[in-house]
Amino acid sequence: MSSPVSSLSASTRRATIIVLAVAALLLTLHASAQDTPLLSGGVGFFTDTKAGKTSYEPTIQPLLAAPIGSHLLIEGRATLVETFAPNGGDIPGYNHTHFIGNTYLQADYIASPYLTIVGGSFLTPFGTYNERLTPIWINNLQDGPLIGGIGLMSSASGLGGEVRGSAISRNKYSIDYTAYFSAQSGNVQFNSERSTGGRASLYLTDSRLEVGVSYGRLLQGTQENFYGTHVWWEPKDTAFRLRSEYAHGQHAQGYWVEADYRTEAFGGLDSWIGRIEPVFRMQQLFRINNLGSDNVASVNTERADFGLDYNLPHNTRIITSYARQFASTGNRNIWETGIVYRFLFPTWKGK
Amino acid sequence: MSQSISIRSLVSIVLLSALTTPLLALQTQAPTQAPAPAATPAKQNTKVSSHKSGYGSDGERIFAQQCSRCHTAPDGFSPHISGTIVLHMRVRASLSQHDEQELLHFLNP
């Protein structure tokens, strides 16, 4: 019979050590008045009806950011989801599965005004969606774009190093960049592929226009290149936002364009009408061949999403949408609703 | 086997306690934090992001140009984390050092 201690799995012991180390670090840190570590994230309840079958997904996405001095930041995000989906076939009732996963866990060292060095598990910087719009408290629609798997190297996160920062920042424009190298890892929580790549963006401040290019190269198995571009535009003095991306891989390519708007005409953004946010996303995926596995649909697919979000007070948001998806494997309607609460508070009261 | 379970339970309870204690403490202190001066500007920032012309400061302009591209401003937050938020967003959004300082000044005038 094994001893009680040895009966604890290695992963449990590792997780315990990590949590205790982080807790000890947090408890011993003497943060300044504005630099208390924060706990943020979103709590959401989502429903998803596809082809007449409804699934339910209570979700928590916690985010921790803990500065150590003025140049070092430890940050991480995780996702906890419990999915209740109907049993297949003629079996009545629901089955449920759960998922707990690290999204990223990284250390950021601000080496100079133009350079930040990142080490650890980081979000793959290809396009904009993965880094900017995956938090549930930010995204306008529940589902990611059809081309979401292109350029993200399967796991959407890398394990290794990254450099990033603002190369040039002027009143009229700014240029930012990021470049990374990731090693291969089969660890469940830090899964990644050996790859490299980067992104550069130009932002014109007067016209509120951002254009950027991305590049990624898979360095294991069949080595492949991925290219991407993005255009974001938020016209000045409006609450209109246009976001778009195009991505090209050796096996598939496609684009998405998303627009959302809130009116200020009836008492401003905080009026009950101003809190309504219509959203539209159009997207197409073109399959070039099926020789590789790139985590996107295996056939040409088109989809139009019509969303209607409502921004409640106190950081709460209702997200609803209807989508029609067209593919040779079958057309279908997708109805989605959800409510998300965003939390943001210090881990303890600072000095 | 039962010992193993009890040790796991003990570890779980300790970890749960360690994580919830600061939250409970925070909850207790919430009334004193609520009227903190910097919490009010943070709420006002939501209105800044309502895209009115003419910004009062560089920080206000930077907030409207950079932050609201991705998200709306939170309704309010403790002044104790304003530096952490700005540092976090400097990395996430690749803000310049100048932008970071102006934003911090805007959030904590």
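**Reading the model step by step**

Author: Let us begin with the order of the elements in one chain. From the N terminus on, chain B runs α-α-α-α-α. The model is a predicted one.

Reader: How many helices and how many strands does chain B have?

Author: Chain B has five helices and zero strands. Of its 109 residues, 34% are buried. Among the contacts in chain B with a separation of 6 or more, 67% join residues 24 or more positions apart.

Reader: At what angle do helices α3 and α5 of chain B pack?

Author: One compares the directions of the two helix axes. Helix α3 (residues 58-66) of chain B meets helix α5 (residues 97-107) of chain B at an angle of about 110°, and their axes lie 8 Å apart. Angles of 65 to 115 degrees count as roughly perpendicular, and α3(B) and α5(B) are therefore roughly perpendicular to each other. On the side of α3(B), the contact is made by B:Asp58, B:Gly59, B:Glu60, B:Ile62, B:Phe63 and B:Gln66; α5(B) contributes B:Asp99, B:Glu102, B:Leu103, B:His105 and B:Phe106. These contact residues comprise four nonpolar, three polar and four charged ones.

Reader: Which residues have the most contacts inside the largest nonpolar core?

Author: They are A:Leu38, A:Ala65, B:Phe63, B:Val86 and B:Leu103, in a core of 22 residues. At least two residues of this core come from each of β1 (38-50), β2 (53-68) and β16 (332-346) of chain A, and likewise from each of α3, α4 (82-92) and α5 of chain B. The element that gives the most is α4(B), with four residues. Leaving aside residues up to four places away in sequence, A:Ala65 touches A:Pro37, A:Leu38, A:Leu73, A:Glu75, B:Thr84 and B:His88.

Reader: How many bridges join β7(A) to β6(A), and how many to β8(A)?

Author: Strand β6 (residues 157-169) of chain A runs antiparallel to β7(A), with nine bridges between them. The two form a hairpin with three residues between them, and A:Gly165 stands opposite A:Tyr177. Strand β8 (residues 195-204) of chain A also pairs with β7(A) in the antiparallel sense, over 10 bridges. Here A:Phe181 stands opposite A:Thr196.

Conventions
Residues are numbered from 1 along each chain as its sequence is written. Chains are lettered from A and ligands numbered from 1 in the order in which they are written. This is a predicted model: local features need pLDDT of at least 70, side-chain atom pairs count only at pLDDT 80 or more; totals for chains, interfaces and linings use all residues. Axes are lines fitted to C-alpha atoms, for helices over the stretch in contact, and angles run from 0 to 180 degrees between N-to-C directions. Angles under 35 degrees count as roughly parallel, over 145 as roughly antiparallel, 65 to 115 as roughly perpendicular and the rest as oblique. Two residues are in contact if their C-beta atoms, placed from the backbone, lie within 7 Å. Ala, Val, Leu, Ile, Met, Phe, Trp, Tyr, Cys and Pro count as nonpolar, Asp, Glu, Lys and Arg as charged, and the others, Gly among them, as polar. A residue is buried if 20 or more other C-beta atoms lie within 10 Å of its own, exposed if 12 or fewer, and partly exposed in between; C-beta atoms are placed from the backbone. A nonpolar core is a set of buried Ala, Val, Leu, Ile, Met, Phe, Trp, Tyr and Cys residues joined through C-beta atoms within 7 Å. Two strands pair if DSSP finds at least two bridges between them.
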